[in-house]
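I opened this entry to keep track of what I looked up. The sequence and the structure come first, then my notes.

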Amino acid sequence: MESHRRSLILTISAIFLLLIRGANSFYLPGVAPEDFIKGDDLKVKVNKLTSTKTQLPYSYYSLPYCKPDKILDSAENLGEVLRGDRIENSPYVFKMREPQMCNIVCRFTPDAKTVKQFKEKIDDEYRVNMILDNLPLVFPIPRPDQESPTVYQLGFHVGLKGHYAGSKEEKYFIHNHLAFTVKFHRDMQTETARIVGFEVKPFSVKHEYEGKWNDAKTRLTTCDPHSKHTVVNSNSPQEVAEKQEIVFTYDVEFQESDVKWASRWDAYLLMSDDQIHWFSIVNSLMIVLFLSGMVAMIMLRTLYRDISKYNELETQEEAQEETGWKLVHGDVFRAPSNSDLLCVYVGTGVQFFGMILVTMIFAVLGFLSPSNRGGLMTAMLLLYVFMGLFAGYASARLYKMFKGTEWKKIAFRTAVLFPAGVSAIFIVLNTLIWGQKSSGAVPFGTMFALVFLWFGISVPLVFVGGYVGFKKPALEDPVKTNKIPRQIPEQAWYMNPVFSILIGGILPFGAVFIELFFILTSIWLNQFYYIFGFLFLVFIILIVTCAEITIVLCYFQLCSEDYLWWWRSYLTSGSSALYLFLYATFYFFTKLEISKLVSAMLYFGYMLIASYAFFVVTGTIGFYACFWFTRLIYSSVKID
């Protein structure tokens with residue numbers, strides 16, 4: 001037996017060592033490096049057009065840009081489709097380490113409809129997104145002070161507005177000349193190179209040429225590789241107007257870089273405000289320390305004193321003069337009103353909590369790299385589906401404790417309640433996006449995949465969890481419940497349920513609101529968010545804060561002889577979701593420039609879903625903290 005155990009430990013150790021050894025040569029699927037030799041084809045892909053003013057993405061070819069002979073879609077994962085990514089091939093093809101100048105892509109003469117399309121996109125500040133070797137195209141913005149690193153913006157603007165010298169009339173100009181810079185890191189031994197940067201400087205140039213147009217062989221006078229005449233500014237810009245010919249051109253320059261392939265995302269993810277994040281953590285920790293102090297004081301001083309006093313009561317008269325929380329021992333574990341609904345919400349909260357926790361751990365370990373586009377959303381969706389097992393288990397366990405018998409009904413409600421509400425909002429929003437002909441509208445095939453994930457995997461897993469949870473013996477209450485409920489005395493104004501619930505939500509929200517600013521900025525202002533280490537710390541702080549504030553308020557409530565703590569413990573920390581939604585509203589009016597009604601409805605629709613999810617997570621944390629606390633204190637006193 002001993003030798004069998006020893007060999008098992010040795011086997012596990014060997015596997016663990018192999019995993020550590022293999023970590024150096026391990027690449028995540030779809031993000032392995034690609035080596036190029038001189039002259040290899042580099043194919044640029046185009047992604048969606050995005051705008052922070054409308055939040056409605058459009059496919060690249062929704063504008064009449066130059067097209068390749070045949071447009072091919074790249075396979076997108078579930079997360080990419082839900083984000084509105086539409087990745088297609090383009091007529092931009094480079095040769096590795098072979099610079100090109102003034103390459104003509106195509107020309108066209110816009111009609112009235114095309115001019116209107118371009119003007120609308122320029123008005124809404126749409127940006128063009130491209131991809132080379134899985135790296136998004138960026139536009140470098142130099143900082144005024146030379147020492148600060150360059151800031152990068154994703155994509156480049158479709159065009160710009162301005163007016164000619166001496167004229168007040170506003171005109172629209174299109175970016176029709178792109179100066180690309182491809183940065184590469186060369187391997188000195190093999191002479192192969194890996195792409196580590198993809199930048200662009202867009203220009204608006206009214207191109208001119210001699211003689212007749214002869215496609216790519218046409219010689220431009222405004223940009224000529226033979227006479228080394230390149231485009232360096234937009235002094236004679238190309239106006240977007242009817243019957244005004246537009247010629248699209250590009251340059252490619254190759255720059256050797258010291259940046260290694262593994263570090264190529266660092267420039268994109270450069271956080272200029274690390275100090276603010278540390279301030280956020282310190283601010284949150286102060287709240288936690290303050291609360292922990294209060295909880296420690298209650299637990300050690302007050303509770304210890306109470307329990308000693310209650311256990312020393314000997315005479316009948318003294319026992320009759322019980323005060324405080326011991327007085328309600330016969331009612332504290334009485335099932336609450338709407339106990340079925342509480343079970344459903346607790347199960348849903350457990351499902352979300354599990355999803356967030358596992359996603360965070362994966363992200364902190366680097367499994368959800370930004371180079372794996374849509375990976376985060378796909379991981380969250382799949383984890384939510386599989387966490388249905390724990391949702392069913394948690395709701396059935398609680399339901400059995402409340403002496404319930406119909407576990408299938410509870411399992412079904414747990415599997416359906418939250419997703420049904422979210423689906424209703426999602427379908428309305430999707431219809432609005434579809435009405436705008438945006439690529440952000442989820443196609444029918446993806447809708448079917450989501451319904452399958454829900455009914456084909458999540459619902460059965462909730463039932464399996466419910467079955468297992470209900471089969472287990474019910475949790476025994478530490479004290480007996482009286483047959484007749486006692487009357488609750490009149491409460492002080494500050495113990496009013498609404499007041500104490502609203503007060504309880506302030507601290508958990510206070511612990512996360514600075515980090516919330518960065519999350520909202522990354523979602524709505526198209527920036528990368530990749531500081532999951534900070535986020536994980538904040539999440540741990542949120543858990544502790546929710547648990548502690550609920551315990552403190554629950555203790556005060558029981559001391560004032562009010563035993564209706566079940567729902568109040570859930571709502572106390574859950575009310576932080578109300579503050580989250582109010583903050584999202586404040587953010588909308590102060591930081592975003594959204595003017596369209598559809599875009600505003602999108603924003604508030606998605607933030608409502610996020611706040612609802614935040615409510616079930618924080619509410620469940622508070623509920624379980626209070627559940628543990630009441631069981632602990634009532635099992636510590638002797639009750640006749």
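Predicted model: local features only at pLDDT ≥ 70, side-chain atom pairs only at ≥ 80, totals over all residues.

Residues are numbered from 1 along each chain as its sequence is written, and side-chain values use heavy atoms, with hydrogens and water left out.

I looked up the confidence, pLDDT, which the predictor gives each residue from 0 to 100. The protein chain averages 85, and 91% of the residues score at least 70. Over residues 1-30 pLDDT stays under 50, and the model has eight contacts for them beyond four places in sequence. A contact means heavy atoms within 4.5 Å.

I then checked the overall extent. The C-alpha trace of the protein chain spans about 115 × 70 × 50 Å along its principal axes. Of the 640 residues, 50% are buried, meaning under 20% relative accessible area with a 1.4 Å probe, protein chains only.

I counted secondary structure next. The protein chain has 15 helices and 13 strands; these are DSSP runs, H or I of at least four residues for helices and E of at least two for strands, numbered from the N terminus.

Last, I looked at helix H12, residues 532-559. Its 28 residues should span 40 Å at 1.5 Å a residue, and its end C-alpha atoms are 40 Å apart, which agrees. The expected span is 1.5 Å times one less than the number of residues. I found H12 largely enclosed by the rest of the structure, because 20 of its 28 residues are buried. Glu561 follows H12 and has a positive phi, near 65°.
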